Amino acid sequence: MKSFSELGGLVYSTDSGRMCPGCRQPVAQCQCASQRAIPAGDGIARVQRETKGRGGKAVTIVRGLVLDAEALTALAKRLKAACGSGGTVKDGQVEVQGDHCDKVVALLQAEGFKVKRSGG
């Protein structure tokens, strides 16, 4: 377990609210978020169906997209709307609830991405 000093010291300030432990600025003005690098990849979107650790429920995962955070969330929103289900963006990958691999592959190809199905 990390000690208080290893976490960056100040966590909350009554003047500005929550503080970022990395740059010690208010979370709204955090410098760390803008300096995050775009994940490196080969430019091929890999679409996979996964059920591990989800209680048997299927999730469609899209990995390998070389997009910044804003573009990735916009793409995730379009994919979720087209599939009619929920989802999220985690660690540079898009997760769409349900088994929608075929729809996601077709939509990504229509938007001009190179797409491959991965997994079983």
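What percentage of the 120 residues of the chain count as buried? In this predicted model, the share is 29%. The chain exposes about 8000 Å². Carbon and sulfur atoms supply 51% of that area.

The chain has 3 helices and 7 strands. Along the sequence, these elements follow the pattern β-β-α-β-β-α-β-β-α-β. Contacts between residues at least 6 apart in sequence were also examined by separation. Of these, 39% join residues at least 24 apart.

Helix 2 spans residues 69-83, and helix 3 spans residues 101-110. The two helices pack at an angle of about 130°. Their axes lie 10 Å apart. Helix 2 passes helix 3 in a right-handed crossing. On the helix 2 side, the contact involves Leu75, Leu79, Ala82 and Cys83. These residues meet Lys103, Val104, Leu107 and Leu108 of helix 3. The residues of this contact comprise 7 nonpolar and 1 charged, with no polar residue.

Gln93 belongs to strand 6, which covers residues 93-97. The relative accessibility of Gln93 is 14%. Buried means under 20%, so Gln93 counts as buried. Neighbours within four places in sequence aside, Gln93 is in contact with Ile61, Val62, Arg63, Leu72 and Thr88.

Methods:
Residues are numbered from 1 along each chain as its sequence is written. This is a predicted model: local features need pLDDT of at least 70, side-chain atom pairs count only at pLDDT 80 or more; totals for chains, interfaces and linings use all residues. Side-chain values use heavy atoms; hydrogens and water are left out. Helices (H or I, at least four residues) and strands (E, at least two) are DSSP runs, numbered from the N terminus. Buried means under 20% relative accessible area, exposed over 50%, partly exposed in between (1.4 Å probe, protein chains only). Contact means heavy atoms within 4.5 Å. Accessible areas come from the Shrake-Rupley method with a 1.4 Å probe; for residues, only the protein chains shown count as cover. Axes are lines fitted to C-alpha atoms, for helices over the stretch in contact, and angles run from 0 to 180 degrees between N-to-C directions. A crossing is left-handed if the near helix is turned anticlockwise from the far one by less than a right angle, and right-handed if clockwise. Ala, Val, Leu, Ile, Met, Phe, Trp, Tyr, Cys and Pro count as nonpolar, Asp, Glu, Lys and Arg as charged, and the others, Gly among them, as polar.
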